[in-house]
Amino acid sequence: MIIPVILSGGSGTRLWPLSRKLHPKQFIELMGKTTLFQEAVLRLPESIENPLIICNEEHRFLAAEQLRKINKEPKNIILEPVGRNTAPAIALAALKSIKESEDAILLVLSADHLIQDMDKFHQAIALATKQAEQNKLVTFGIAPNKIETGYGYIKANISKNKNYYDIDEFVEKPDYKTAKKYVDSGGYFWNSGMFMFKASVYLSELEKYEPEILSACQKSCQTEFYDLDFIRLNEQEFLKCPSQSIDYAVMEKTKNASMVILDANWNDVGSWTALWDSQVKDNDDNLVVGDVILDKVSDTYVHSTSNRLVSVIGLSDLIVVDTQDAVLVTNKEHAQDVKNIVEKIKKSGRLESDQHRKIFRPWGYYDSIDRGEGFQVKRILVNPGQKLSLQKHNHRSEHWVVVKGKAQVTCGEKTFQLIENQSTYISLGKVHRLENIEDTPLEIIEIQTGSYLGEDDIIRIDDDYERA
């Protein structure tokens, strides 16, 4: 039995401003109508089990909704109370696998990788499976096609031509001179961060080299419980777990590692230049997304999601990304430094590092269209059959205007319906709820007025999604 484990806890800071902490790159439609997370599920061989998803608390409804949209059922969705890197996350999957499916082979994948050749991907999995059946811990190495300083490398023993290779060492992200030496040697491969092994073999090696990680994960799973579609762990026990990558914790130390080459047009989409590299460009090597006009521009990536025209003139080697609340302009040479801007935003106390203007909720989303002193305007979309929590506010009143669909409104002791162009008023302190009982989306405009308009001024009385 092969169980795919999809790790989906990353924040993708190097793809800011499109990728944010609360809506990271794996859940964004970067290159088409599906997200990287959805692609990671869709590319799995049909012969293996449904995926086991590891994600964090903040992304749980995003993951569940995106699986629903592509008609895929997860084996489980395990919520990490806090991020502790890949070694503990994989341990949680291995423990769950042994508990439910005896000793399955785990195919560990990232939710934010781009793999374009499905046949070669499946062939590599078949080769890795044979090694995993022999109790090997298999990693997938990518033959480098350029000098890259953004990836770790694997030095493999390629003296014998075979389907898999023994591993000499794992090395960290190098500087340019060192990366060039690696690539020229022919014996180094990019570390894809993808693995395959028996659950029991991984846990045995983890116990040997990082027993504290295994102990914390075991204790956090002892009192696990289901919350809707999600598995929650013991937070206090998991907080004691050291933060370690699987490379540091196991792969660099084990004597049982081997590598299979993955030649499937792989890209970890770890930066804007990586995204530019992975796509078809025009005759001037430009890649544009959205409403964009260029003149005398070359080797440039321009992405607009703001519903406004973006124009670039007489420039080259740039990254330009325009969203509703932030704009990024950088030379491609410094695309890896976007994370520095994100850190500065965090330190200044601004919200643009964590969230977009449009905020997704389990029932739909809201978009903060405008705000000023004492007021805020939101566009709210409620999915068919969904409803907001029964709630009240201590500091604001709300005016609702239906612009599309039919709303069922609870206000105090009354429940009534509103159609397009009809409105209602929710006074301060009044218990209320908005619900869509139709099979088409409901859209309303909400105008908030009051002395304080923060999202923490919500007192939930009843909630279908069991939020606090």
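Q: By class, what residues make up the lining of the largest cavity?
A: This is a predicted model. Ala40, Arg43, Leu109, Ser110, His113, Ile115, Phe121 and Met194 line the largest cavity. By class, the lining has five nonpolar, two polar and one charged residues.

Q: How many cavities of 30 Å³ or more are there, and how much space lies in the largest cavity?
A: The count of cavities of 30 Å³ or more comes to one. The space in the largest cavity is about 30 Å³.

Q: By class, what residues form the contact of α6 with α7?
A: From α6 come Leu203, Leu206, Glu207, Lys208 and Tyr209. From α7 come Pro211, Ile213 and Leu214. Glu and Lys count as charged, while Leu, Tyr, Pro and Ile count as nonpolar. The contact has six nonpolar, no polar and two charged residues.

Q: Which element gives the largest share of the lining of the second largest pocket?
A: This pocket holds about 1,500 Å³ of space. Its lining takes two or more residues from each of β2 (52–56), α3 (86–101), β8 (165–171), β9 (188–198) and α9 (246–251). The largest share is four residues, and they come from β9.

Q: How do the residues of the lining of the second largest pocket divide by class?
A: The lining has 50 residues. Gly10, Asn85, Thr86, Ser110 and Asp112 lie nearest the pocket centre. By class, the lining divides into 16 nonpolar, 21 polar and 13 charged.

Q: What is the phi of Asn85?
A: Asn85 is in the loop between β3 (76–80) and α3. Its phi is positive, in a residue other than glycine. The value is near 75°.

Q: How far apart do the C-alpha centres of domain 1 and domain 3 lie?
A: Domain 1 spans 2–267, domain 2 spans 272–335 and domain 3 spans 358–462. Between the C-alpha centres of domain 1 and domain 3, the distance is 40 Å.

Methods: Residues are numbered from 1 along each chain as its sequence is written. This is a predicted model: local features need pLDDT of at least 70, side-chain atom pairs count only at pLDDT 80 or more; totals for chains, interfaces and linings use all residues. Side-chain values use heavy atoms; hydrogens and water are left out. On a 1 Å grid over the protein atoms alone, a cavity is a set of points where a 1.4 Å probe fits but cannot get out, and a pocket is an open set with protein on both sides within 12 Å along at least five of seven lines; lining residues have an atom within 4 Å of a point. Grid points are joined across faces, edges and corners, and a volume is the space filled by probe spheres set on the points. Contact means heavy atoms within 4.5 Å. Domain bounds come from an automatic or database domain assignment.
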